[in-house]
Structures are given as structure tokens and as C-alpha cells.
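Here is my note on the model you sent. The points go from the whole chain to one residue.

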Amino acid sequence: DVYKRQEKKIHTFGFFDFETEFNNIDDIGEGGTFDQHHLNFLANYILDNHFSVSTEIEWEHGPFLTAKSGSGKIYLAKAFVTYKHSDAFSIKAGKYLTPFGIYNERHDASPTFLSTFLPQSIYGSKNLGEGIEDRVFAKFSTGVQILGNLYLKDWELRYQVYIGNGRGPNESESDNNENKGLGWRFVLTPPVNSLVLGTSYYMDKNGLVGNSKQNTVGLDVQYDISKLHLEAEYIFPKIEKVNSLNNPTGEYRKLKGYYMQGSYSLFEKLTPFARYEFFDPDISIAKNAEEKVVLGLNFAATLDVYLKGEVHFNQYQASSKIDHEVFVLSIAVAF
């Protein structure tokens, strides 16, 4: 009947995570804190052989919202329609996760990556100017994306090219300047066992920072040798400076960040990993970079439940910031 046909068309899934964190930088951190970080519900609606609709709603930090106050966040992470002509050519239209780097399209889907937190040198919030802290590329984009997979003998190329409103005060509804957010991601799989090469690019006039020009180039590589997995990412952001009136000056601040991570799977359940991160917020200024070493363990209790433990060693070249350690325990569940 009609209900059974509809059930076959709708695919629902989601993920949940919870964490506890301790650090040695303040009294609250030393006492530890709990965080019900993510609860996400996703649904894909298969309309026919060509059209589908994808959605995701996120509840973050156990939201409790009233008419006058509240905590946490509830938001629409994505909602787009896809027309698939073939493996080589598809079109997405709507709000989607910006295809940048290895992880941004997975964003907060913590069951899909080893550590509790993504590498902050690439995916963490940075100073973009005028007190705005955000990623150096848009986490979300609202617009149109063209994508597909191309094959030549044993080579595979996945491409994604997109245009959107760019960052602004109401970016999912309207563009507040004449410039559009533009970008691309290409992922090449050559005929070498388990080698994957990627490159990403994003640019816009950031409507949150005086319409200043901002762009970021990214490079990434992944390689597997038996049970050993290696990966690395490198970004080269370039951010136009603004003056005291929040007007662009035409001068640019150049940044750089990268990480290298290795992991080894034991018994198909236990995966220790180590990561080194480096971020420099202004390469023209000496001794202001940040370094982080992460040592962790990921245990697959089942195919859907993951227990994680890790310690972060944070070091700062600038004397205004205090070196410290952070210890994190978390559980991530896919359902």
C-alpha cells in the first residue's frame, strides 16, 4: 500500500555523543565537566531514479530554550535536493555542508572519526577579524553544487564545484553583499593501493567581517598500509584586514595550519592514534604559533558504539597564552 511504498523511500539515521573533559588550566577544568554534545537526526527521501532530498537537524549541547533565555543550539545543518543524472554528473541545491578537507562534510558525525574532536588546526575556530571567531572556510553553504565521479582506467576523480551566498548575518536566506561564496574540492584516487589525494578551495567576502575578502586553499592526503592509516592536511588561509570602522584595508594577513595523524587497528576493535597539529595565525609575526599533540584510543564496542579516550598537550609560543593539558573521555553512537 502507499505507506509501505513510502517506507521504502525514506531512510532515517542519526548519531549521538557525550563527553567529559578535564584540564589543568582553571578550577572548573580541574573539577571536570560533562557535555551532551550532539544529537543529530538525518533523513534521505528517494523520490525516483533521479531526484532525492536530504535533511539533517542538530541539537547541540543539550539545548534548553525559552522565550527569554536558553542554552545550547538547535539548527538545520542541511536541507537540499539532488538531481543525479549519472555517476559523472549531479546537482545539489539548498543548504549543504561545504565540501572542504577530509572531514567538513562529516562535520559533527563523531562516530565516523577516531578522536572526540576534529583537528583544530584545520577545523577549529580562528580569529577572522573584528572579534569574529569561525573556521577559515564556511562550515555550511546555501546555494548550488555540481558534483560527480570520473573514471579513467584505474584512476578515479571525485569533483565538487559550488556557489553560494557566502558568510553573512543571514546566509541561509540572503546574501548581504554582491560577492558570492565560491569553492571546489577534488579528490584523486590513483592506481596505488589505498592512496587518496585531495585539494580544496573556498573564497568569499565575509559579510560578518566588513565584507573583507577571505580565501583558503587546502591540501590533504590519506594512505593505508595494512592496518596502519596515515593522513595529513595543510591549509593556507589569506584574510583581508579591516580598520577600526570595520572597512577592508586591502592588506592581508596570511595564516597556515596543518596536522599529521597516524593510527593502527588492533583486533578490528582497538585503534590507538597520535596526532601533531600546528597553527600560525599570522606568519609575518614571529613566535605566535600554537602546537598540539593528541594521544588517544578508540574502542569499537560494537559496529555502532565507540568509546574514546585522549589527552591533548597544548603549547603556545606567545607568552600571553598558558600551556596546558586536556583529558577527554567520550562515547559516540550511530543509529
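1. What percentage of the 335 residues in the chain is buried? Buried residues come to 41%, where buried means under 20% relative accessible area with a 1.4 Å probe, protein chains only. The model is predicted, so local features need pLDDT of at least 70 and side-chain atom pairs count only at pLDDT 80 or more, while totals for chains, interfaces and linings use all residues. Residues are numbered from 1 along each chain as its sequence is written, and side-chain values use heavy atoms, with hydrogens and water left out.

2. The chain has 3 helices and 19 strands (DSSP runs: helices are H or I of at least four residues, strands E of at least two, numbered from the N terminus). Its radius of gyration is 21 Å, close to the 20 Å that the globule rule gives for 335 residues, so the chain is as compact as a globular protein of that length. The radius is taken over C-alpha atoms, and the rule is 2.2 Å times the number of residues to the power 0.38.

3. Of the contacts in the chain with a separation of 6 or more, 50% join residues 24 or more positions apart. Contact means heavy atoms within 4.5 Å.

4. Asparagine 314 lies in strand S18, residues 305–316. Asparagine 314 is buried, at a relative accessible area of 6%. Leaving aside residues up to four places away in sequence, asparagine 314 touches Glu291, Lys292, Asp323, His324 and Val326.

Notes. Buried < 20%, exposed > 50% of the residue type's maximum accessible area, 1.4 Å probe, protein only.
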